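Welcome, and please open the model in your viewer. We will go from stop to stop, selecting one piece at a time and looking at what is there.

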Amino acid sequence: MQRISCVLASLMVAGCTGEIAGTEAPAGDQTVGGAPASHPSPGRGTGGATGSGTGGATQQPPGADPTRPVAACGAGSKLPASPMRRLTRTEYNNTVRDLLFVNSKPATSVFDEDEKFGGFYANSIAPMTRSGAEAYMSLAESLAANVDLSKLVTCDPAQGGEAACARTFITSFGKRAYRRTLDEGDIGRLMTVFTAGRMGADFQAGIRLVITAALQAPGFMYRPEASVADKIDASTVALSGFELASRLSYFIWSSMPDDALLALAESGAIAKTATLESEVRRMLADPRASDTFSSFARQWLGVRGIPDKDLKLFPDFNDALWASMGGEVDALTDYVFRQGEGKLTTWLTAPFSFVDPALAKLYALPTPKTKTFDKTAMPANQRSGVITTAAMLTMRAFPGEGSPIQRGKFVRESLFCQTPPPPPPGVNVTAPARDPNKSTKQRFDAHRTDPTCATCHELMDPLGYAFMNYDAIGRWQTMDGNFPVDAKGEIKGTVSSNGAYDGAIDLGHKLADSGEVQRCVSRQWLQFSLGRPDEDGDSCAVDELTKKFVGANQDMRELLVAVATSSSFRYRRISN
Amino acid sequence: MRISNLTRRQLLGSTAAGAVLAPFVPLLPARAALDKPPLRLIMMYSSNGTVREAWLPTVANGQLQLPAILAPLEKHKGDMIVIDGIKHSGGEKAQGGHAGGITSCLTGSVGKFVGTVIRAPSISVDQHIANTVSNNLKFKVINPGVIVDTFDAEVCAFSYTGPMQYVFPENDPLKLYGKVFANTQLPSGGVPGPTNDRAKLARQSVIDYVRSDLAALKPKLGVDDQQKIDRHLQIIREVEQGLATGAGAAASVDCKKPGVPNVAISNDTIPKIGDLQTDLLVTAMACDLSRVGTLAWGRAGCNHRFTWLGKQFDLPGGVQGIHAAAHDEFNPTMRSLLVQMHTWYAARVAALVDRLKATPEGNGTMMDNTLVVWFNEIGVGSTHSLSNVPWVLLGHAQKQLKTGRLLSVPGKPNNALLVSLCNLMGLVTVNTFGDPQFGSGSLPGLV
């Protein structure tokens with residue numbers, strides 16, 4: 001499939017102005033010119049702000065936790081709106097796993113693709129579709145028909161009566177399904193459903209119909225945030241305990257809250273900073289956190305779908321190999337951030353990775369004895385952590401060769417949080433054809449000599465040359481056609497990270513040491529957790545996150561703790 | 001490369017698992033006596049503009065003379081109206097290019113940014129027409145796609161149910177089959193489920209519940225989220241209506257449940273995918289499950305590689321698909337290949353018309369009652385011009401159109417053509433479509 005050309009197409013949206021977000025805003029612009037005023041321009045750079053906002057007067061209600069952060073970043077600054085999210089396919093799968101004890105990942109093949117807002121999936125803009133609603137309906141019916149009720153219904157209808165048992169079930173199941181306590185209205189409506197299902201059948205049929213209904217209810221499929229009980233200031237409100245518990249569990253587990261979290265939500269204890277911190281640490285130690293690290297890494301690397309490859313040049317490339325490549329990203333990320341010491345540096349520079357037999361062959365390693373992903377030292381001086389995984393390199397490549405443009409664009413966007421504008425309309429964006437008399441750099445030189453292209457491509461190509469040693473499916477190469485590989489390049493257009501490098505490993509270390517990269521990674525995690533781009537109103541939160549992240553020696557787990565305790569995560573803009 | 005996620009076994013299994021589902025399967029209602037078959041609309045999209053010199057017909061002795069690209073439509077040229085000169089004005093205003101073109105081609109409006117993606121601020125013509133002509137049918141629009149992909153947040157869909165509300169085509173024939181046919185009772189559709197009042201009541205109670213729960217949530221939300229809830233409520237109504245009907249009243253005699261499609265989805269199987277999708281689309285319309293269909297051969301600026309046309313389309317370097325070829329149009333070799341690619345799409349249109357003509361209906365065939373529209377997002381691939389976008393109509397739309405001609409409308413905004421499509425499909429009061437800054441009224445000389 002044509003993932004690759006999409007980059008070309010997506011580059012053709014707007015004119016290339018040659019400017020990226022101004023040099024004072026290294027954390028950069030995520031949008032291109034011309035966003036209509038009615039839509040907040042996402043990510044208008046939080047880079048400029050430095051620690052403002054902490055001096056603002058607090059307007060917290062008496063008795064509130066004094067450790068809670070103040071609302072926004074200085075006077076006049078507001079948190080951006082947070083559109084209501086709908087469960088992603090991963091979240092749906094995990095939620096029915098934890099709610100119904102069904103582990104079949106049913107959403108993956110049934111629901112449409114998830115929609116991003118900013119860099120990550122949020123399903124927050126496009127509304128429900130007809131086919132989507134029918135898919136929810138079919139799946140709800142199928143799940144309810146097959147679920148093991150003995151794990152869900154704890155009372156005996158023969159003992160206290162069917163209605164009482166149904167009510168008990170609805171109260172406890174409903175709380176888990178909707179991630180909040182049910183009010184009498186909720187319970188009454190679900191009792192009506194129970195009665196309809198019970199009629200002409202049995203108690204179990206009534207319960208199954210309640211489950212069918214709950215799985216199609218907005219409280220299940222959406223993540224509504226509506227509480228206005230705890231105002232922080234005129235435009236900001238603290239999430240309710242249950243809303244915060246949901247944000248937290250979908251952030252760290254990509255799933256519903258467990259009973260412990262729901263209990264903290266109900267008591268209100270979750271609003272305390274210390275409680276929140278200890279919950280994040282508890283949740284990170286749970287295997288469920290693997291899905292979040294995997295989701296983050298895959299979305300951040302752009303690993304999705306199946307890239308199109310020229311199978312005559314790469315006969316070994318197939319679905320299974322692509323799946324292995326994704327598995328490597330998951331395993332390496334999980335190892336570094338959940339099992340290991342958690343350092344960003346390790347993630348960006350590790351000389352080891354996790355390979356199965358298919359990847360061992362790809363990386364020219366001895367065939368491993370097991371079929372699982374095992375920690376393996378990579379061939380000397382060839383790899384630099386996640387940025388040189390076959391998945392990233394295969395995704396950011398043409399069908400027949402690696403693409404320095406796409407790889408450079410990845411570094412620029414995902415690590416420096418800067419977005420080069422697309423080329424102007426009408427410009428020829430076809431990659432230059434292969435030429436035995438020219439090296440890749442020479443072929444792409446037009447980009448940097450033609451002034452129409454140069455302003456933007458200066459920001460991408462010289463970063464992408466770091467990856468010249470990797471072909472279209474991520475294999476190591478020492479020859480670039482008839483020329484020896486030249487993987488020297490230069491970081492340009494940054495505030496404090498500019499300079500020459502030689503090869504991906506050198507680049508990886510320079511990236512890991514860059515304050516701009518550390519700030520960008522902080523922003524990316526905040527965006528991931530919120531399902532929206534960060535904006536000016538988040539800038540003090542980003543400052544704080546970055547400070548804590550750097551202070552913790554770039555420990556990603558501490559960054560996640562900082563995200564969960566930030567004002568942007570605990571508060572929301574009051575909807576109008 | 002990819003085998004459909006949903007296997008035949010899963011598909012059968014999922015219906016079997018729902019003993020619960022079977023009773024809900026609606027029965028084919030008694031065929032109502034209609035005075036004439038309904039008029040249908042099928043819009044086929046292909047991408048990257050055209051090569052105008054090899055596309056634009058001449059007229060000699062009142063007969064269209066078709067150049068290379070349109071040559072496969074020779075046997076249908078008496079049914080054609082080739083429209084030359086349409087401009088996608090809204091797209092031009094929204095930054096132009098593929099993204100501007102695709103958001104404006106069927107909406108007639110100027111795209112707006114959501115995050116980094118351009119989306120249309122108004123409904124597209126297929127959906128607008130469907131709201132009337134497919135009302136109360138099982139589906140508003142049947143929308144198969146052939147590897148319509150996205151990259152990151154980029155959405156290259158032309159169909160919108162409302163502002164910013166794009167509809168993504170269904171790329172997988174097996175999934176399309178699942179959505180359209182798996183739970184629909186058709187004449188040759190296997191074991192009919194008994195109507196079961198208890199089961200119907202149960203499903204209705206769930207729908208009532210979801211409706212009341214949405215209504216209870218709505219007032220607590222902000223304005224934007226309330227709009228999402230409103231849309232969800234509307235969808236619930238549609239689902240409810242859809243449950244009440246199986247095949248439509250106007251199902252043709254050729255309405256037979258198709259076989260379960262089976263294809264590995266990859267660039268090389270595009271012809272097979274397209275054939276299956278075309279067949280599912282026409283069958284769904286023959287069964288009157290919907291009266292509007294869209295068929296998308298890729299996304300805006302798609303770069304499908306036409307490897308099935310021969311070795312010369314599989315060029316070294318691996319970057320050469322239709323998008324790349326279109327950019328390199330002024331290279332004679334590339335241009336020749338590009339012409340052959342667009343010619344191949346014309347042959348797909350011809351195959352669609354063949355299929356419609358082979359389906360008897362009333363005193364004639366489905367083609368008598370179907371308006372086929374072949375459209376594109378841009379005019380020329382190399383320059384991304386949104387002028388002279390190639391639009392071709394086929395079919396007389398129940399004797400409303402005089403066909404077999406070239407209609408020249410240089411510089412006319414597509415909005416006028418969209419108005420005409422509404423009028424032809426029975427929405428006779430429509431006088432503007434999309435952004436009114438691009439004028440009102442139908443396309444002069446079409447009817």
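Begin by colouring chain A by its domains: the assignment gives domain 1 (85-223), domain 2 (317-513) and domain 3 (515-573), with bounds that come from an automatic or database domain assignment. You are looking at a predicted model, in which local features need pLDDT of at least 70 and side-chain atom pairs count only at pLDDT 80 or more, while totals for chains, interfaces and linings use all residues. To find your way, note that residues are numbered from 1 along each chain as its sequence is written, and that chains are lettered from A and ligands numbered from 1 in the order in which they are written.

**Where two domains of chain A touch**

Keep domain 2 and domain 3 of chain A on screen; their C-alpha centres are 26 Å apart. Domain 2 of chain A gives 14 residues to the contact and domain 3 of chain A gives twelve; two residues are in contact if their C-beta atoms, placed from the backbone, lie within 7 Å. Now select helix H15 (344-349) and helix H23 (503-513) of chain A, each of which supplies at least two residues of the domain 2 side of this contact. Helices here are DSSP runs of H or I with at least four residues, strands are runs of E with at least two, and both are numbered from the N terminus. What kinds of residue make up the side of domain 2 of chain A that touches domain 3 of chain A? There are eight nonpolar, five polar and one charged. Ala, Val, Leu, Ile, Met, Phe, Trp, Tyr, Cys and Pro count as nonpolar, Asp, Glu, Lys and Arg as charged, and the others, Gly among them, as polar.

Zoom out to the whole of chain A, which has 27 helices and 13 strands. Buried residues account for 59% of its 576 residues. A residue is buried if 20 or more other C-beta atoms lie within 10 Å of its own, exposed if 12 or fewer, and partly exposed in between, with C-beta atoms placed from the backbone.

Next, select helix H13 (residues 289-301) of chain A. Its 13 residues reach 18 Å from first C-alpha to last, close to the 18 Å expected at 1.5 Å a residue; the expected span is 1.5 Å times one less than the number of residues. Show the side chains of its buried residues, among them Phe293(A), Phe296(A) and Trp300(A). Just after H13(A) comes Gly302(A), with a positive phi of about 75 degrees.

Still in chain A, pick out the open sheet of three strands in the order E5-E6-E13, with antiparallel pairing. Strands pair if DSSP finds at least two bridges between them. At the edges are strand E5 (231-233) and strand E13 (571-573) of chain A, each pairing on one side only. Strand E6 (residues 236-238) of chain A and E13(A) share three bridges, and Thr236(A) has Arg573(A) as its bridge partner there.

**Over to chain B**

Select the open sheet of seven strands in chain B, in the order E8-E12-E2-E15-E16-E5-E17 and with mixed pairing. E8 and E17 of chain B are the edge strands. Helix H11 (414-424) of chain B packs on this sheet, touching E5, strand E15 (370-375) and E16 of chain B, and its direction makes about 150 degrees with that of E5(B); such angles run from 0 to 180 degrees between N-to-C directions, with axes being lines fitted to C-alpha atoms, for helices over the stretch in contact.

Focus on strand E5 (residues 80-86) of chain B, where five of the seven residues are buried. E5(B) runs antiparallel to E16(B), joined by five bridges, and pairs in the parallel sense with strand E17 (residues 405-408) of chain B over four bridges. Click Ile83(B): it stands opposite Trp391(B) in E16(B), and its bridge partner in E17(B) is Leu407(B).

For the last stop, select Val392(B) in strand E16 (residues 389-394) of chain B. Why does Val392(B) count as buried? Because it has 21 C-beta neighbours inside 10 Å. Leaving aside neighbours within four places in sequence, Val392(B) is in contact with Met80(B), Val82(B), Ile83(B) and Trp374(B).
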